[in-house]
Amino acid sequence: MRRFSVIPTVLLVCWALTGCGGNSTTTQPVSHLQYRAFIANSFQRVLQIVDESKDQLYIITNPTTFLAIPGNIAITEATAGLPATPVALLPAGTGFTVVVTHDTFANGLSIVNNATELQTGAVATPAQIYSTVVTSDAKTAYVALPDTGQVSAIDIATAKITASPAVGNARRLVLAPDNSKVLAFTPSRAGFVLLK
C-alpha cells in the first residue's frame, strides 16, 4: 500500500527536476567573466559559456530551485523560432559572434551579442552553408550556398540578406584582409570568382 504513495512522489520529483533544465525561459545574468569562450553544443542546441581562467563551464544558480545549472545561450532559427543546431562560430569584431546553424528543415546564421550574451537576430538561408567569412568591421557576413548556386551577403546589424549573386557551386570563401574582395572557390573551376 505504501508503494502507491512513494511512486507519485518520485514521479513528481522527477517531473520537477526535468523542468529545471538549462534552457529556461527566464533571463540569466551576464557572466561578466574576464576570460570567456563560447562553445557550440549541437546536442543541446545552445552555446555554452566557458570560464577560461578555470577551464570549466560557467554555472549559475537557478533562482527558483537554487540548483546549479550551466549558463547557456539559447540559439533559435529565424523561421519559426525553434531551437537551432549551432555548427560553427565566427567572431564579428569584438561585439558579436556569428553562429552558423544547420537543421533538417532550417539553415542559417544567428547573431549573438557578446556583451549581453544573448542572440540578437537570425536569418534563414535557402540551403546549407558550406563556408562563411565575416568582414573585420563586423558589418557583413558572406555565406556560400552551393546547393542553390549562390553566395549571400548578410547584414549583421539587421540579420537580413542584402544580396545573393549567382556563383555556381561555390564551396569555399576567402575574404581579402582589407575587406575589398570576397573570393569564391569552386571545385569545377581552376580559380575563383570575384564577388565584390
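A: Side chains of opposite charge can pair when their charged atoms come close. A salt bridge is a side-chain nitrogen of Lys or Arg within 4 Å of a carboxyl oxygen of Asp or Glu. Here Glu117 forms such a bridge with Arg36, with the closest N and O atoms 2.9 Å apart. Glu117 lies in the loop between strand S9 (107-113) and strand S10 (118-125) and Arg36 in strand S1 (residues 36-41), so the pair ties together parts that are 81 residues apart in sequence. Strands are DSSP runs (E, at least two residues), numbered from the N terminus.

The model is predicted; local features need pLDDT of at least 70, side-chain atom pairs count only at pLDDT 80 or more, and totals for chains, interfaces and linings use all residues. Residues are numbered from 1 along each chain as its sequence is written, and side-chain values use heavy atoms, leaving out hydrogens and water.

Q: Is Glu117 buried or exposed?

A: Buried means under 20% relative accessible area, exposed over 50%, and partly exposed in between (1.4 Å probe, protein chains only). Glu117 has a relative accessible area of 3% and is therefore buried, whereas Arg36, with 28%, is partly exposed.

Q: How many salt bridges does a search of the whole structure find?

A: The search finds two. Asp103 forms a salt bridge with Arg45, the closest N and O atoms being 3.5 Å apart. This pair links distant parts of the chain, 58 residues apart. Asp103 is buried, with a relative accessible area of 12%, while Arg45 is partly exposed at 34%.

Methods:
Helices (H or I, at least four residues) and strands (E, at least two) are DSSP runs, numbered from the N terminus.
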